[in-house]
Amino acid sequence: MSSQSYASPAKPPAPLLAFPVACDTDSDCFIQHYFDYAPGPEALDHTCGILTYNGHQGIDIRVSSPEWKESGFPVLAAAKGKIEIIKDGIPDRALNQQEIKSSRGLAPKPSNSVVINHGNGWRTHYGHLRQGSVIVKPGQHVAQGSLLGLVGLSGSTSFPHLHFHLSYRGQNIDPFTGMTGSEGCDQAATGRSSWSAEANAKLGYKDAGVFRTGFSDHFPDYEELDTQKVEISNFPAESKEFYFWVSLWGIRQGDMEDLKILLPDGDIYQRSDEIEKSSVQGLRGFFYSRSLPLPAGIYHVNYKLRRLKNKHTPETIINIDRSMEIESPRELFTSPN
């Protein structure tokens with residue numbers, strides 16, 4: 001009696017994906033989190049870098065703020081298919097740091113979302129859309145690039161972004177590699193991207209960058225930066241202090257930061273610090289003050305982040321020049337007798 005063995009059918013190719021947000025990846029948006037490829041409590045992205053968090057199965061495309069609340073950033077179908085699931089009506093609200101800590105390990109809150117079925121077991125998933133922006137309906141057929149909604153702040157998130165992932169028969173797949181993340185980051189380079197050539201051109205891996213910079217009269221927190229306008233470019237006369245802050249992503253332990261302030265009276269303030277802890281997102285703040293009012297005029301600030309990429313010379317990977325003004329005191333007008 002002969003025996004027969006049956007090989008499991010080959011996985012059909014994934015759909016070729018377009019970038020799912022209408023934004024400029026040089027200025028308006030960037031990928032803050034990738035798939036997690038590290039087992040256990042560690043977190044490593046597909047390059048063995050730090051741009052992910054433990055258990056993350058998708059990519060987070062973060063957009064500039066607070067512009068997302070105004071004209072908005074369109075979320076587009078990455079490939080043609082049939083709308084399978086939608087959800088809308090959840091308010092846009094940033095979780096504060098305490099809520100984020102208390103929610104760790106729990107199932108995420110639902111967000112406004114869309115799921116598209118592309119056939120052959122493949123689906124794409126779009127989460128954290130803006131309340132009231134979802135314009136498609138279940139059963140509707142959409143072409144690649146069709147408008148689905150707008151990037152938002154709904155569900156379990158502290159910043160406006162699109163969570164996007166690909167899945168095959170219920171298993172989440174990294175569109176950068178075609179893998180599940182369980183293979184480990186050392187194997188990720190052997191994978192195959194599902195992005196189109198045009199999308200790949202926009203998606204070059206950036207291991208660090210600047211989200212926002214500015215001046216203010218206090219040190220803002222993340223929630224303020226995402227929901228309010230805190231920047232000040234003209235400080236009132238008689239000001240004795242100001243804050244300069246830089247919101248970065250991809251900072252690493254051992255990075256060096258240099259700050260230089262050129263005051264209008266010719267004085268120079270400088271300081272250098274070493275980053276003590278790696279962080280996917282870091283908000284760096286600097287405080288300058290005097291006991292007497294600061295001199296009126298233009299203040300020029302230069303900020304550099306340097307990283308040791310070889311054994312000898314740190315390389316400047318971020319270089320920021322900003323300026324602000326302290327106004328001159330108004331002269332009191334006295335009428336002649």
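The side chains of Asp-255 and Arg-307 come together in a salt bridge, at 2.8 Å from N to O. Because Asp-255 lies in the loop between strand 13 and strand 14 (256–262) while Arg-307 belongs to strand 17, this pair ties together parts of the chain that are 52 residues apart in sequence, and both Asp-255 and Arg-307 are buried. The model is a predicted one, and a search of the whole structure finds ten salt bridges together with 16 aromatic pairs.

**Salt bridges**

- A salt bridge also joins Arg-306 to Asp-258, whose closest N and O atoms are 2.7 Å apart; this pair links distant parts of the chain, with Arg-306 in strand 17 and Asp-258 in strand 14, 48 residues apart.
- Arg-306 is partly exposed, its relative accessible area being 22%, whereas Asp-258, with a relative accessible area of 17%, is buried.
- Glu-231 and Arg-212 meet through their side chains in a salt bridge of 2.4 Å, N to O; since Glu-231 lies in the loop between helix 4 (222–227) and strand 12, and Arg-212 in strand 11 (residues 209–216), the pair ties together parts that are 19 residues apart in sequence.
- Within this pair, Glu-231 counts as partly exposed at 25% relative accessibility, while Arg-212 is buried, with a relative accessible area of 10%.

**Aromatic rings**

- Among the 16 aromatic pairs of the structure, Tyr-34 and Phe-176 form one that is edge-to-face, with 5.3 Å centre to centre and 65° between the planes.
- Tyr-34 sits in the loop between strand 1 (29–33) and strand 2 (59–63), and Phe-176 in the loop between strand 10 (171–173) and helix 2 (185–188), so that the pair links distant parts of the chain, 142 residues apart; both Tyr-34 and Phe-176 are buried.
- The ring centres of Tyr-269 and Tyr-288 are 5.2 Å apart and their planes stand at 65°, and the pair is therefore edge-to-face.
- This pair, too, links distant parts of the chain, with Tyr-269 in strand 15 (residues 268–274) and Tyr-288 in strand 16 (residues 279–289), 19 residues apart.
- Tyr-269 is partly exposed, with 26% relative accessible area, whereas Tyr-288 counts as buried at 8% relative accessibility.
- Ring pairs link Tyr-269 and Tyr-288 with Phe-215, Phe-235, Phe-242, Phe-244 and Tyr-299 into a cluster.
- A charged side chain also meets a ring face: Arg-62 lies over the face of Phe-211, at 4.1 Å from the ring centre.

- Five strands, in the order 12-18-17-14-15, form an open sheet with mixed pairing.
- Strand 12 (234–235) and strand 15 stand at the edges of this sheet, and because each has a single partner strand, one side of each is left without a neighbour in the sheet.
- Strand 17 (residues 297–308) and strand 18 (residues 314–326) run antiparallel and are joined by twelve bridges; Gly-297 stands opposite Ile-326 in strand 18.

**Nonpolar cores**

- The largest nonpolar core has 43 residues, and those with the most contacts inside it are Val-21, Val-114, Tyr-126, Leu-148 and Leu-162.
- The elements giving two or more residues to this core are strand 1, strand 2, strand 5 (113–119), strand 6 (122–127) and strand 9 (161–168), and the largest share, four residues, comes from strand 9.
- Apart from this core lies another, of 22 residues, which includes Phe-242, Leu-259, Ile-275 and Met-324.

**Backbone with positive phi**

- Most residues other than glycine have a negative phi.
- Arg-169, although not a glycine, has a positive phi of about 50°; Arg-169 lies in the loop between strand 9 and strand 10 and counts as exposed, at 63% relative accessibility.
- Glu-238 is likewise not a glycine and has a positive phi of about 75°; Glu-238 is found in the loop between strand 12 and strand 13 (241–251).

How values were computed
Residues numbered from 1 in each chain as written. Predicted model: local features only at pLDDT ≥ 70, side-chain atom pairs only at ≥ 80, totals over all residues. Heavy atoms only, no water. Phe/Tyr/Trp six-rings, centres within 6.5 Å; stacked < 30°, edge-to-face > 60°. Buried < 20%, exposed > 50% of the residue type's maximum accessible area, 1.4 Å probe, protein only. Lys NZ or Arg CZ within 6 Å of the ring centre and 35° of its normal. Pairing = 2+ DSSP bridges. Core = buried A, V, L, I, M, F, W, Y, C linked by side-chain atoms within 4.5 Å. Salt bridge = Lys/Arg side-chain N within 4 Å of Asp/Glu carboxyl O.
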